[in-house]
Amino acid sequence: MSRQQPLVLIMAAGLGTRMKSDTPKVLHKVAGRPLLHWVVTSAKAAGAGRVVAILGHKHEVVKAALDASFGAGAVDVALQTEQRGTGHAVQCALPAIANEPDDRIVVILTGDAPLIASERIAELTAAAAASPAGMALLSTIPPRPMPYGRLVREGGKLQKIVEHSDATEEQRKILDTNAGFYAIKLGHLRKDLAALRADNAKGELYLTDLVAHAYERGGATSIDAPFTEVAGINDRVDLAGVEVEARRRINEAWMRAGVTMTDPASTFIDADVGPLGKDVWIAANVAIRGKTTVGDGVRIDLGCVLTDVTVAADTNIKPYSILTETAVGSKVQMGPFSHCRPGSRIDDDVHLGNFVETKKTHMMAGSKANHLAYLGDASVGQKANIGAGTITCNYDGVGKYQTTIEAGAFIGSDSQLVAPVTVGRDSYVGAGTTVTKDVPRGSLAITRVKQVNVEGWADRFREAQAKKRQQKKPEEQ
Ligand code: UD1
Ligand code: MG
């Protein structure tokens, strides 16, 4: 590990009481990504050689989430079993970095402030290295009064941080607050943490007390950061505020990369989505979630929701289509109101129309299902045509069974295909047929009752009705 790479600690052990949630605070999501994952991602982008997450409350759940996203053990974990404050949290991480040299810069991030930029972490690292006190922190001016630590200056130097609950009325008037991000030489950190005392309103060990020690060495450097970048999340109102800011950033980045959005304020694109190709066009009220990727020239019209989907170039997804865990080819025409459930594969040039539902179904190139169909556990061969109202009966109450419709087959409207069953290549299934046996290649399957025309029946029926009415007594009418 090179000396320039910061060693990053992320404080994430707190209870998050103000969230009023069963989910640990740092696993609440912004733009589909847990708060802690944003911070880890940013730390890694800043070139962090090693990232240690300090966990406590529900640490097993948080560790499992980290391992699932970044790979087992990619983020080290230090445990703080009892939450005795931010200073105590960092004390708990010291054994994990015991082998690191004293002149190494340690960056301390807070797990509940997800929008910290990697450039800012790099800036903070460089400022600590350059500072005679060997310490730097981020300051911010919140847009409204917040219970943040106030930065007290003396002779132009940072003298100390006074926490909101310990501050006098006069100190609370200070606009400059502590954003909760620090960089410090490990030697100072080791020494100063050992000197912390819990003599404050909360009876906790405050990491912020390190600033007073740095003052004795000439004063920590403060770097001003916009509030939107460093805003910490303590409750769900904060969470919603950060979500709006995250969405604004994500959408702006995609628009600058060549994506059109007719209404960015109602366009919801998760942080892990991408790439979105050039000339992608997205209408209002669209949500693109998970690990979705979208090719060049794709149109996604009003109200569509895509979750873990891949879409190849030039496909047109019309309004209110819902796709989940589906691979869509190029030049597909889909919707309005198509529903592709997990395991769907929709190949090039397929047409999928309104109220067509697919699940674990492979629609091969050029096949069509234009109206009202359920296609589950099915494979539909190239250029096959599925008539309106077709249903694959894939479930018998216990098991699921496969329907195979071979290339060029034509399924007449309102047919049921009772799986397991195969409709052979280029065959026809007559409208209204219930297919229970395999259909050999090139044949017609038809099961409906033969049509009988009873001539004159309607006239006779009406006459009989009229007579009945006449025979009724007037008071019965
Ligand atoms: C902290 C700062 C405050 C700053 C604010 C910015 C302290 C004493 N105060 O206050 O100056 O203005 O952040 O957002 O540091 N945590 C632990 N273990 C603990 C306590 C906290 O890991 O024992 C973690 C939390 O999970 C959280 C972070 O540290 O991710 C900050 O804790 P929080 O309780 O939110 O501190 P604030 O009151 O916001
Ligand atoms: Mg906080």
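**Entry 1: ligand 1**

I began with Glu 163, where an N or O atom of the side chain lies 2.7 Å from an oxygen atom of ligand 1. I then looked up how far the protein covers this ligand, and found that ligand 1 taken alone exposes 760 Å², of which the protein buries 90%. I note here that the model is a predicted one, and that the values in these entries are to be read with that in mind.

Which other contacts reach the oxygen atoms of ligand 1? I found a backbone N or O atom of Gly 85 at 2.8 Å from an oxygen atom of ligand 1, and a polar side-chain atom of Thr 110 at 3.4 Å from an oxygen atom of ligand 1.

When I looked for the place of the ligand in the protein as a whole, I found that the space taken by ligand 1 is the largest pocket.

**Entry 2: two residues with 0% accessible area**

I looked up Ser 427 and placed it in the loop between strand 35 (421-423) and strand 36 (428-429). Although Ser 427 belongs to a loop, it is buried, with a relative accessible area of 0%. Its side chain reaches the backbone oxygen of Gly 424 at 2.8 Å.

I then turned to Val 211, which is found in helix 7 (residues 210-216) and is buried, again with a relative accessible area of 0%. I also checked Val 211 against Leu 151, which is 60 residues apart from it along the chain, and found 9.3 Å between their C-alpha atoms.

**Entry 3: backbone details**

Where did I find cis peptide bonds? One joins Gly 335 and Pro 336, with omega about 0 degrees, and Pro 336 lies in the loop between strand 23 (333-334) and strand 24 (339-340). Another runs from Ala 419 to Pro 420, with omega near 0 degrees, and Pro 420 has its place in the loop between strand 34 (416-418) and strand 35.

I also looked up positive phi values in residues other than glycine. Lys 58 has a phi near 50 degrees; this residue is found in the loop between strand 4 (50-55) and helix 2 (59-70), and it is partly exposed, with a relative accessible area of 35%. Asn 285 has a positive phi of about 60 degrees although it is not a glycine, and it lies in the loop between strand 14 (281-282) and strand 15 (286-289).

Note on methods. Residues are numbered from 1 along each chain as its sequence is written. Chains are lettered from A and ligands numbered from 1 in the order in which they are written. This is a predicted model: local features need pLDDT of at least 70, side-chain atom pairs count only at pLDDT 80 or more; totals for chains, interfaces and linings use all residues. Side-chain values use heavy atoms; hydrogens and water are left out. A polar contact is a pair of N or O atoms within 3.5 Å; within protein, one must be able to donate a hydrogen and the other to accept it, and residues adjacent in sequence count only if both atoms are side-chain atoms. Accessible areas come from the Shrake-Rupley method with a 1.4 Å probe; for residues, only the protein chains shown count as cover. On a 1 Å grid over the protein atoms alone, a cavity is a set of points where a 1.4 Å probe fits but cannot get out, and a pocket is an open set with protein on both sides within 12 Å along at least five of seven lines; lining residues have an atom within 4 Å of a point. A molecule sits in a cavity or pocket if more than half of its atoms lie within 2 Å of its grid points. Helices (H or I, at least four residues) and strands (E, at least two) are DSSP runs, numbered from the N terminus. Buried means under 20% relative accessible area, exposed over 50%, partly exposed in between (1.4 Å probe, protein chains only).
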